[in-house]
Amino acid sequence: MIREPASRSSVLPTTRFDAIVQSLGDAPNLDSALYGIAKDVRNVFRVDICLLYLSDPAQQGLQRLMASDGLDAHAGPPLPHAFADALANLVAERSEPVNLCDSQALPAHRSGNCQGYLGVPVMHQSALLGVLVVQKKAKYRFSESELASLATLAAQIAGGIKLAEARSSISASAAGDQAAAPFFEGVIGAPGIANGTGHVVYSREKLEQVPDRPVTDIEAEIADFQAAVGQVAQELDRIAEEQGAGLMPEDRTLFRAYAMIARSDELKTSTLAGIRNGNWAAGALRDSIREHARYFEAMNDPYLRERADDIRDIGRALLNALKARDPVEERYPARTILVGEDLSALDLAAVKGGRLVAVISGHGSRLSHLAILARSMGIPAIMGLADTLPLASLDGKSLIVDGYRGRLYVEPDASLQREFRNLAARERRLSKKLRHLREQTAQTSDGFRVPLYTNAGLLSDLNPSLAAGSEGIGLYRTEFPFMVRDSFPTEEEQYLLYRQVLETFHPRPVTLRTLDIGGDKPLSYFPVKETNPFLGWRGIRISLDHPEMFLTQIRAMLRANRGLNNLNLLLPMISRVEDLDEALVLIQRAQQQLEQEGLSITRPLVGAMIEVPSAVYVVEALARRVDFLSVGTNDLIQYLLAVDRNNERVARWFDALHPAVIQALLRIIRAGRRSGTPVSVCGEAAGDPAVALLLIGMGVSSLSLSAGDLPRIKWAIHSFSRQRARHLLRQSLKLEQASAIRALLTQALRDAGLNALVHPGNRG
Ligand code: PEP
Ligand code: MG
């Protein structure tokens, strides 16, 4: 074996990797992305040849050479094609690097001029995407550190290649050059099927999120751009000249230089050319900034290379100025499919007049509050697509969202449209068929009664809940009204809101949960910066640290309940008995305050959420202190299985049928039954028919679900006896894997004739 020379082991060309990844992201199509990589890798690794293969799905994953650099006379004859392909396939087959040097491995008659070969697999989300190869003409063994560097780079470019592939296939499909519409798989957010037009919501901070949008009034667009340039340049001049701002002379020079770049002819000329080609100013600006940044990035001088960042900063400032000039009212298509990297509840609320038909989010999973919101609005959602396709390219495209499978189809042809129309019609028929259950109570065939409540968070959730035959509100998330304001609502504002909810459902019970902000529910006007927000200051912890806020909320709730008496009060994120005791004292104090003010107050039922694993282990002590328990499976599973509920990458580890989750649920429900404390389940898992069956087997007191899930769960409850559910529970408890439990319950649902309730992605 050839030993690695000491001097070579430390030479890792990783400093240039960022630039390679960045230019990959900027490439207009797949071909230029791949050629760019081959060229850059050949330069950075100082090799004679770089080859890039991609797996060809049409050829059972065999490797197809897609791009190369150095395959010319100057570099010397390469490996014969067949041998090179065989080596690439070997790398692919083993999913391991192949590093060859000696003449036995590369016999002269087969290797041509190649005397050093290194191929590494390019993996994306545990699937093989292709193979990256470098070759040297002279006899050479690639060092361990070179191998590690190439493998590192391969891991870094995988995501970019995937995105470039998606971008190319979307444009091919839009141009009618592709036989079948491409589809992309994300994480199921909310079920349902919808077709419509993509509308991208982009961040002012992220130029790469800006979509292309055709414009007709080119002169108006040019005027907007010129005005934005004037505004930004003036602002930069002002900062540079401002006395007393404490700026050092070199800072002033920098701001003057920024102003010059913003006004520069180069930037203007290329942006104006983009606008004249029919793109709106923001899209043209994005391209022009990209082009200029690349120019600097390609420079050898490190100082000049860093100027690329300045160009991007100026681009962001110009984008901000442009966005501020936009009319406040966005023009949403008639059937809007809202697309965005990180959409918020506010983005959804901005689409008015029933135009919103589906949601596509770059990040998140079915347990993200955005997905929960979509479910409560009865529209499908797909989450976690940011690593799979460039979301900006969906703007203005015709889309089909299949929320059952988490699939997004782009520019579907007429036959696919027909197929989905049929599916949607089947959906409607099932909903119609289940409508007759609306007036019936939910009970098993042997008479075990399971009241079905609904979850809500917006006033607009109330009508769908009533229409679905909800027996009350099992969970009202009070944080949503806090999130859509720009300051804390007053006691009076809260009173009016809660009163409306309680009145709408009267005499049915309404469970108002106290504020559960923190985690993924931030308030813009109450910023909390934490590195680990889900393990941080959240829910009851904030309420106890801010008793004034908590008391205001409780007072509003108690007042709203006067004369109605259908309020239940629920406390989130209880992790220890002390927190519950403290909260109960504050509730008592709020009641006393109101009584001292002369109001007669009836004490509502008070419950604790069981959604933190520690609460499962002290559930008996908690049950003794409250009137009911409500299990929040969304958080309970997140904390029990160490799976971030918002992270699409780990979504497949989030499983309500994990044996540990089943054990925890069983422990809670048994403790509740022993102490005579009703136990409800209000997490999203309650809407999964398989989980609901187990909960009935355990003897759950009630379920609280999204309104859209209610009729199907009622159907499932009617179709089983408690005895059968118990039997299925006993069988499940013997199984060690969630997949086996899922298979058992799916079969049980099918045997009961509930095929329509079985969807591929149910995981609670
Ligand atoms: C839960 O955690 O299951 C729950 C119902 O609360 P949220 O989703 O609002 O955190
Ligand atoms: Mg929760």
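**Entry 1: the kind of model.** I began by noting that this is a predicted model.

**Entry 2: the whole chain.** I looked up the secondary structure of the protein chain and found 28 helices and 21 strands. Next I checked the radius of gyration: it is 30 Å, close to the 27 Å that the globule rule gives for 764 residues, so the chain is as compact as a globular protein of that length. I also noted the box filled by the C-alpha atoms, which is roughly 90 × 70 × 55 Å along the principal axes.

Entry 3: For the accessible surface I wrote down about 33,300 Å², with 51% of it belonging to carbon and sulfur atoms.

**Entry 4: contacts and charges.** Among contacts with a separation of 6 or more, I found that 67% are between residues 24 or more positions apart. I then looked at the charges: there are 86 positive and 87 negative ones, and their mean positions lie 7 Å apart.

**Entry 5: a visit to Gln638.** I located Gln638 in helix α23, which covers residues 633-641. Is Gln638 buried or exposed? I have it as buried, because its relative accessible area is 4%, and the cut-off for buried is under 20%.

I followed its side chain too, and the side chain of Gln638 reaches the backbone nitrogen of Arg645 at 2.8 Å. Leaving out residues up to four places away in sequence, I listed what Gln638 touches: Phe534, Arg538, Thr633, Val643, Asp644, Arg645 and Phe654.

Key:
Residues are numbered from 1 along each chain as its sequence is written. Chains are lettered from A and ligands numbered from 1 in the order in which they are written. This is a predicted model: local features need pLDDT of at least 70, side-chain atom pairs count only at pLDDT 80 or more; totals for chains, interfaces and linings use all residues. Side-chain values use heavy atoms; hydrogens and water are left out. Helices (H or I, at least four residues) and strands (E, at least two) are DSSP runs, numbered from the N terminus. The radius of gyration is taken over C-alpha atoms; the globule rule is 2.2 Å times the number of residues to the power 0.38. Contact means heavy atoms within 4.5 Å. Accessible areas come from the Shrake-Rupley method with a 1.4 Å probe; for residues, only the protein chains shown count as cover. Lys and Arg count as positive and Asp and Glu as negative; His and the chain ends are not counted. The place of a charge is taken as NZ of Lys, CZ of Arg, CG of Asp or CD of Glu. Buried means under 20% relative accessible area, exposed over 50%, partly exposed in between (1.4 Å probe, protein chains only). A polar contact is a pair of N or O atoms within 3.5 Å; within protein, one must be able to donate a hydrogen and the other to accept it, and residues adjacent in sequence count only if both atoms are side-chain atoms.
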